[in-house]
Amino acid sequence: MEHPENDKQYTGLTVNSGVAQPPVVNPYLNKRPRRKPLPAPSELVEGILKGDITALSRAVTLVESLAPDHYSIAQEVIEKCLPYSGNSRRVGITGVPGAGKSTSIDVFGLHVLRNGGKLAVLAIDPSSERTKGSILGDKTRMEKLAVHPDAFIRPSPSAGSLGGVARKTRETIVLCEAAGYDNIFVETVGVGQSETAVHSMVDFFLLIQIAGAGDELQGIKRGIMEMADGIVINKADGDNIGPAQLAQAQYRSALHLFPPTASGWKPEVLTYSGYFELGIAEVWDMIDRYFDFVKSNGYFETKRREQARWWMYESIDEQLRKHFYDNPQIRMLLEQNEAEVLANRRSSFAAAAQVLKTYFGE
């Protein structure tokens, strides 16, 4: 570009061409390190059996992945780790949001680790129905456990599964046990729907309640109360000690109305304070008594076998569902029938019947 300022009549005045503009695309874009290739199943299994947290974390990531190649590797790792699993105490922890589950797990976990052993915490975080994302922030509320060398905390997204607990959690338990973690905590979402799934994969089911949170009858519901092996009232400190003891008496009275448990164990109701770490030893003594009781009468092994059978059928249901929706012909037919239903030209039941009829080849 010509500059009039450079004309001879303007002697002593010059304009430089300036600095060249940098490229729009980052020149170092293609020089980024490539992602590491997927590890071999044998390599992951070897690391897991040695207690390598990196190998364990990567295996859990493969278990949670939806990619087909990740799924096949994860299943092979689980099969090889299965003979080394089953030697832990699995405790499910549930309660309404705000009951103090994460804080309680922090102090319960430290109490367990003081007696030796290793602890794995599987915290299920609810996923957004809109964005499908999860905060995965439960670990921030377990400040002491998060830095303990013998603790492994794994927040996992519920990803839309029932209450946030699915096959992936049970398979993660197998991997953690193979890595030498002899205590497993499974924290539920706490929305009232995941308790059945949690109960089907743990040995002891702990229900955390709080006093003064409205009508106490809301907590005395047959579904959740019948599954609980122990009920604990949190935040029993300061001015809340009286209400907590009142709630304790109400829950004890309610338990007398329920039929005997299959294990023969009578659920206990205790009070404690997770924040001030009061009554923690008493809660864990109750859990110790439960394990001694069910192991002495044989119910421990019976329940483990029932759980294995239940999850076999759950896996069959999941595989059938996956095979159905992954079928290209079915996907195309679903789109067509969905359009018919939305246009009010076909009922939902008739559309479903036609799709299933095609799937089964009738």
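## Salt bridges

The structure, a predicted model, holds 11 salt bridges. Three of them are described here.

Glu76 and Lys80 are joined through their side chains by a salt bridge, with an N to O distance of 3.3 Å. Both residues belong to helix 3 (residues 68-81), and because they are four residues apart, about one helical turn separates them. Glu76 is partly exposed at 35% relative accessible area, and Lys80 is partly exposed at 36%.

## A link between a helix and a strand

A salt bridge also connects Arg289 with Glu268; their closest N and O atoms are 2.6 Å apart. Arg289 is in helix 10 (residues 280-296) and Glu268 is in strand 7 (residues 268-271), so the pair ties together parts that are 21 residues apart in sequence. Arg289 has a relative accessible area of 39% and is partly exposed. Glu268 is partly exposed too, with 21%.

## Helices 12 and 13

Helix 12 (residues 328-342) and helix 13 (residues 348-359) have axes that come within 10 Å and cross at roughly 165 degrees. Angles over 145 degrees count as roughly antiparallel, and the two helices are therefore roughly antiparallel to each other. The crossing of helix 12 past helix 13 is right-handed.

The side chains of Glu340 and Arg345 form a salt bridge of 3.4 Å, N to O. Arg345 is exposed, at 58% relative accessible area, whereas Glu340 is partly exposed, at 25%.

## A nonpolar surface patch

Met312, Tyr313, Ile316 and Leu320 make a nonpolar surface patch of about 400 Å². One of these residues, Ile316, lies in helix 11 (residues 299-325). Ile316 has 40% relative accessibility and counts as partly exposed.

Note on methods. Residues are numbered from 1 along each chain as its sequence is written. This is a predicted model: local features need pLDDT of at least 70, side-chain atom pairs count only at pLDDT 80 or more; totals for chains, interfaces and linings use all residues. Side-chain values use heavy atoms; hydrogens and water are left out. Patches are made of residues with over 30% relative accessible area and no salt bridge: like charges are joined within 9 Å, nonpolar side chains (Val, Leu, Ile, Met, Phe, Trp, Tyr) within 5 Å. Accessible areas come from the Shrake-Rupley method with a 1.4 Å probe; for residues, only the protein chains shown count as cover. A salt bridge is a side-chain nitrogen of Lys or Arg within 4 Å of a carboxyl oxygen of Asp or Glu. Buried means under 20% relative accessible area, exposed over 50%, partly exposed in between (1.4 Å probe, protein chains only). Axes are lines fitted to C-alpha atoms, for helices over the stretch in contact, and angles run from 0 to 180 degrees between N-to-C directions. Angles under 35 degrees count as roughly parallel, over 145 as roughly antiparallel, 65 to 115 as roughly perpendicular and the rest as oblique. A crossing is left-handed if the near helix is turned anticlockwise from the far one by less than a right angle, and right-handed if clockwise.
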